[in-house]
Amino acid sequence: MASRLQPIRGTRDLLPEACRAHARVEGACRRVAERYGYGEIRTPILEPTPVFLRTLGDATDVVQKEMYTFEDRNGESLTLRPENTAGVARAVLSNGLLNDMPLKLHYAGPMFRHERPQKGRYRQFHQTGVELFGVPEPAGDVEAIAMGGDVLSELGVLDATRLEINTLGDTESRRRYLRALVAFLSSHRDALSDVGRERLERNPMRVLDSKEEADRQVVADAPSLLDHLNAEAGVFFDKVLAGLDALGFGYTVNPRIVRGFDYYCHTAFEFVTDRLGAQGTVIGGGRYDGLMEQMGGPALPGVGWASGVERLVMLTDDAAPAAHPIAIVPLGAAAERRALVLAHALRRQGFAVDLGYRGNLKRRMQRANRVEASHALILGDGELARGVVTLRDLDSGEQTELSIDRVSESLPRRG
RNA sequence: GUGGCUAUAGCUCAGUCGGUUAGAGCGCCUGGUUGUGGUCCAGGAGGUCGUCGGUUCGAAUCCGACUAGCCACCCCA
């Protein structure tokens with residue numbers, strides 16, 4: 001347990017079993033995305049810092065104190081991506097993908113935030129996500145949410161989550177509401193907690209999801225955004241909800257869902273679970289119509305979400321079994337050489353084959369057992385002389401002899 | 001970033017009031033079996049007791065700092 005050899009705080013090694021679990025979650029997302037016609041995109045982990053500064057909003061915690069930002073050797077400020085929507089949006093502009101709308105993209109990969117680690121929260125963590133550009137209609141929001149639900153369904157945990165949804169309104173509604181909210185909160189300033197007062201200064205909407213008891217009491221009587229929606233924003237939200245109703249997705253409207261990043265508008269939603277403690281959001285997303293313009297591109301609406309792979313792994317947690325290989329057990333130098341050729345041939349035919357590097361029969365049989373082989377192919381001098389191998393079923397112990405040239409015909413395709 | 005709890009073998013954990021050589025189970029290695037694994041039996045390897053410092057005749061045990069993990073806050077996916 002030499003501390004010098006530990007991975008840096010908040011990061012960890014994913015050993016084969018954990019990698020299978022990650023692949024299972026990422027595979028579910030990939031399958032769903034492809035059903036909806038989304039193509040994969042892989043953007044750099046490292047971006048110029050302004051990509052995030054301009055889009056996330058400089059009042060957010062992520063930008064203020066969680067980004068891994070440093071100068072490279074040329075003096076340019078670089079940042080390890082704390083999320084991927086900004087990077088994907090940048091890639092859309094960089095590659096001139098604006099002429100083929102709607103543009104549907106999905107991704108998976110590591111993100112980095114310098115937070116204090118705890119369960120379900122790491123400094124290097126993994127997200128899968130989808131982004132839909134060029135669809136201003138509420139049908140886009142419905143599709144995105146449906147995809148999130150489908151991923152959870154694919155993983156068998158849709159029932160373990162609930163969908164919470166809110167609207168942040170359009171720019172006009174939001175501006176009107178913000179005025180009303182600030183006026184209200186300011187008049188109750190003395191009743192707010194320290195946290196609440198600080199949020200009132202920096203990001204008034206965030207007072208709404210403060211957990212301080214004092215703030216909750218004040219907020220209980222605060223004006224609701226839902227009452228300040230203009231006709232257009234109200235209709236938009238109603239259409240999103242109607243779409244979810246039509247598809248049979250249950251949801252609760254939660255006016256306290258507020259997005260951390262500035263680029264969100266209209267729909268904000270989360271799939272949350274109470275099985276993971278304090279980090280219960282497994283998928284979170286919403287609409288971000290203002291993002292492209294903030295980045296210096298044309299006005300282009302977008303909607304999408306990201307899922308926390310580690311959290312979904314914890315939620316689904318069933319062990320992903322490794323393949324059951326065929327173990328080849330040669331005895332003697334001549335058989336050893338023949339076994340190498342046989343193993344190669346079988347692997348090329350798609351079989352998982354375990355071939356040890358040394359040891360007598362007993363040793364190799366023990367190894368076959370340890371790698372959970374379904375069958376052993378025993379090849380000794382006697383078999384070699386007759387052109388056969390002994391096939392042993394490692395569950396039943398039954399043994400039969402097979403012609404060495406036709407072994408594959410008698411093997412189970414995936415053990 | 002704040003608070004609380006924790007850190008002993010590869011893993012999960014015991015370890016009394018501070019007292020000689022720090023234990024168990026699982027796993028690993030060897031043997032019982034010359035061409036037959038799993039189960040069983042016997043034996044073995046493996047530990048700067050997270051790190052550094054302090055108190056003490058003596059520290060895994062008490063104290064402090066640091067590091068890391070966990071839980072909550074915070075934040076978010």
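I am working with a predicted model, where local features need pLDDT of at least 70, side-chain atom pairs count only at pLDDT 80 or more, and totals for chains, interfaces and linings use all residues. Residues are numbered from 1 along each chain as its sequence is written, chains are lettered from A and ligands numbered from 1 in the order in which they are written, and side-chain values use heavy atoms, with hydrogens and water left out.

**Domains.** I looked up the domain assignment of chain A, whose bounds come from an automatic or database assignment. Domain 1 takes in 16–170 + 230–316, and domain 2 covers 326–409. I noted 49 Å between the C-alpha centres of domain 1 and domain 2.

**Three-strand sheet.** I used DSSP runs numbered from the N terminus, with helices being H or I of at least four residues and strands E of at least two. Two strands pair if DSSP finds at least two bridges between them. With that, I found an open, antiparallel sheet of three strands in the order β2-β4-β3. β2 (46–48) and β3 (68–71) are at the edges with a single partner strand each, so one side of each has no neighbour in the sheet. Neighbouring strands here are turned by 35° against each other on average, direction ignored. For such angles, axes are lines fitted to C-alpha atoms, for helices over the stretch in contact, and the values run from 0 to 180 degrees between N-to-C directions.

I then checked the pairing of β2 with β4 (residues 77–80), which is antiparallel over three bridges. L46 has L80 in β4 as its bridge partner. Helix α2 (residues 49–56) packs on this sheet and touches β2, β3 and β4, with its direction at about 70° to that of β2; contact here means heavy atoms within 4.5 Å.

**Five-strand sheet.** My next stop was an open sheet with mixed pairing and the order β13-β12-β14-β15-β16. Its edge strands, β13 (353–355) and β16 (399–403), each pair on one side only. Strand β15 (residues 388–393) runs antiparallel to β16, and five bridges join them. In that pairing, V389 stands opposite L402 of β16. Helix α13 (residues 361–370) packs on the sheet, touching β12, β13, β14 and β15, at about 175° to β12. Helix α12 (residues 333–348) lies across β12 (326–330), β13, β14 (375–379) and β15, at about 160° to β13.

**RNA surface.** On the RNA side, 55% of the atoms within 4 Å of the protein belong to sugar or phosphate, and the rest to bases.

A polar side-chain atom of R116 is 3.0 Å from a base oxygen of RNA strand B. For N369, a side-chain N or O atom is 2.9 Å from a sugar or linking oxygen. The largest share of the surface, six residues, comes from α13.

Most residues other than glycine have a negative phi, and most peptide bonds are trans. I found a cis peptide bond between M101 and P102, with omega about -5°. P102 sits in the loop between α4 (85–94) and β5 (103–112). H266, which is not glycine, has a positive phi near 50°, and its place is in strand β9 (residues 265–272).

Note on methods: Near = heavy atom within 4 Å. Polar contact = N/O pair within 3.5 Å; in protein donor to acceptor, adjacent residues only side chain to side chain.
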